[in-house]
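Colleague: I have just opened this one and would like to talk it through with you. Could you start with how the elements are named, and then take my questions as they come?

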Amino acid sequence: MTEPLFDRVALIGIGLIGSSLALNIRANGLARHIAVTTRRRETLEKAEALGLGDSYHLEATEAVADADFVILCVPVGVCGAITSEIAPHLKKGAIVSDVGSVKGAVIDQMRPHLPEGVDFVPAHPLAGTEQSGPESGFLELFRNRWCILTPPEGTDPAAIEKVEAFWRGCGSNVETMTAEHHDLVLAIVSHVPHLIAYNIVGTAADLETVTQSEVVKFSASGFRDFTRIAASDPTMWRDVFLTNRDAVLEMLARFSEDLASLQRAIRWGDGDTLFDLFTRTRAIRRNVIEAGQDTAKPNFGREPGNGEAAPGESTGS
Ligand SMILES: NC(=O)C1=CN([C@@H]2O[C@H](COP(=O)(O)OP(=O)(O)OC[C@H]3O[C@@H](n4cnc5c(N)ncnc54)[C@H](O)[C@@H]3O)[C@@H](O)[C@H]2O)C=CC1
Ligand SMILES: O=C(O)C(=O)Cc1ccc(O)cc1
């Protein structure tokens, strides 16, 4: 048995990602002690009933005391406030990280609060589902998925290496890039697709009053995939759009332009334009499958060993 990477890991927030990490830390021997903290007693009790941690705290400041690795697993909109609360209680030499779907804004919010002598290595596992809460986590979530690290310039390479080893210990492949690049890539492959899903399901739901439930009754599998994505956590996704505003707006502008040209092709009976695009996109999908990167299954991420996913993989929509 190899030595654990960390003595005490503090998980702040114990929803889908926090609980999946807890299962991995335990199963893969990545730390000696898992301290779990979340703000609601009810959630903490659920986590305890599931046996996710070794100690349970309603005060984040208690959980981080003496922790050598602290991971924020909360919606991106509260990362700054939580960091300011825990900062005075962090141990010298501790590594602080997060799992947020947006990196630039999270770094801007967290970094100013972190004291000297604490390393900061932001991370984003490209793995998840539409579920939330401590009961939704599972051990295989991160297996064969990418985890992107976005350490700010000047971060101690030894801390980056340790966080990389941690994610490899959870079964992930790790890549490092700037927060800015991450946010741009994720805007097009994850954030805008989620917005499209929320929008199309909302439009169909409005129509439903007119068509008397036919939208649900006759929805084919494509629409069902959209409903899965649109069932994702409202708080988490509200925060994603508010904090990755610029990149999402930039990608939405491009998307809207391309949509307008499709609209025009339909109006003018320009079948060639439609056929050419559909041929190109079909080839992209085939390349994804050939490369073993098919992540568009409804149970995305649940099956172990279902191929390697690329950074910025499809979100299934
Ligand atoms: N759900 C997904 O598919 C993925 C989510 N992420 C990121 O992971 C983070 C967590 O997401 P999930 O685990 O899915 O969410 P979740 O909703 O399942 O869990 C969030 C946890 O944070 C706690 N929390 C919320 N506000 C808090 C506060 N002010 N103080 C203390 N605890 C608080 C909640 O009680 C809950 O335990 C988010 O930043 C999200 O962007 C990253 C990859 C995939
Ligand atoms: O459920 C899905 O299809 C997802 O797309 C999961 C997901 C959600 C947010 C992320 O930042 C990464 C992965």
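Modeller: Helices and strands here are DSSP runs, a helix having H or I over at least four residues and a strand having E over at least two, and they are numbered from the N terminus. In those terms L58 lies in the loop between strand 3 (55-57) and helix 3. Please keep in mind throughout that this is a predicted model.

Colleague: Since you mention L58, is it buried or exposed?

Modeller: L58 is exposed, because 12 other C-beta atoms lie within 10 Å and a residue with 12 or fewer counts as exposed.

Colleague: And which residues is L58 in contact with, leaving aside its neighbours within four places in sequence?

Modeller: With those neighbours left aside, L58 is in contact with R41 and L44. As for R39, it is 19 residues from L58 in sequence, and the C-alpha to C-alpha distance between the two is 5.7 Å.

Colleague: Let me step back to the whole chain. How many helices and strands are there?

Modeller: The protein chain has 12 helices and 9 strands. Its radius of gyration is 21 Å, close to the 20 Å that the globule rule gives for 317 residues, so the chain is as compact as a globular protein of that length. Along the principal axes, the C-alpha atoms fill a box of roughly 65 × 40 × 35 Å.

Colleague: What about burial, and what share of the contacts comes from residues 24 or more positions apart?

Modeller: Of the 317 residues, 38% count as buried. If you take the contacts with a separation of 6 or more, 75% of them are accounted for by residues 24 or more positions apart.

Colleague: How is the chain divided into domains?

Modeller: The division is into domain 1, covering 6-178, and domain 2, covering 181-290. Their C-alpha centres lie 31 Å apart, and the contact takes 15 residues from domain 1 and 17 residues from domain 2. On the side of domain 1 that touches domain 2, the residues divide into 6 nonpolar, 7 polar and 2 charged.

Colleague: Now the ligand. How many residues surround ligand 1, and which are the closest?

Modeller: The shell around ligand 1 holds 26 residues, and the closest are G13, G15, S101, G128 and S132. Helix 1 (residues 16-27) gives the most to that shell, with 3 residues. By type, the shell divides into 12 nonpolar, 11 polar and 3 charged residues.

Colleague: You brought up helix 7; where is P193 found?

Modeller: P193 is found in helix 7, and with 19 other C-beta atoms within 10 Å it is partly exposed, because a residue needs 20 or more to count as buried. P193 and L252 are 59 residues apart in sequence, with 9.9 Å between them in space, C-alpha to C-alpha.

Colleague: Backbone check, then: what is phi of D66, and what is phi of N144?

Modeller: Phi of D66 is near 75 degrees and phi of N144 is near 60 degrees, each a positive value in a residue other than glycine. Most residues other than glycine have a negative phi. D66 is found in the loop between helix 3 and strand 4, whereas N144 lies in the loop between strand 7 (123-125) and strand 8 (146-149).

Colleague: Last one: where is R32, and what is R32 in contact with?

Modeller: R32 is in strand 2 (residues 31-37). Leaving aside its neighbours within four places in sequence, R32 is in contact with P4, D7 and R8. R32 is partly exposed, with 15 other C-beta atoms within 10 Å.

Definitions and conventions: Residues numbered from 1 in each chain as written. Chains lettered and ligands numbered in written order. Predicted model: local features only at pLDDT ≥ 70, side-chain atom pairs only at ≥ 80, totals over all residues. Rg over C-alpha atoms; globule rule 2.2 N^0.38 Å. Contact = placed C-beta atoms within 7 Å. Near = placed C-beta within 6 Å. Nonpolar A, V, L, I, M, F, W, Y, C, P; charged D, E, K, R; others polar. Domains from an automatic or database assignment.
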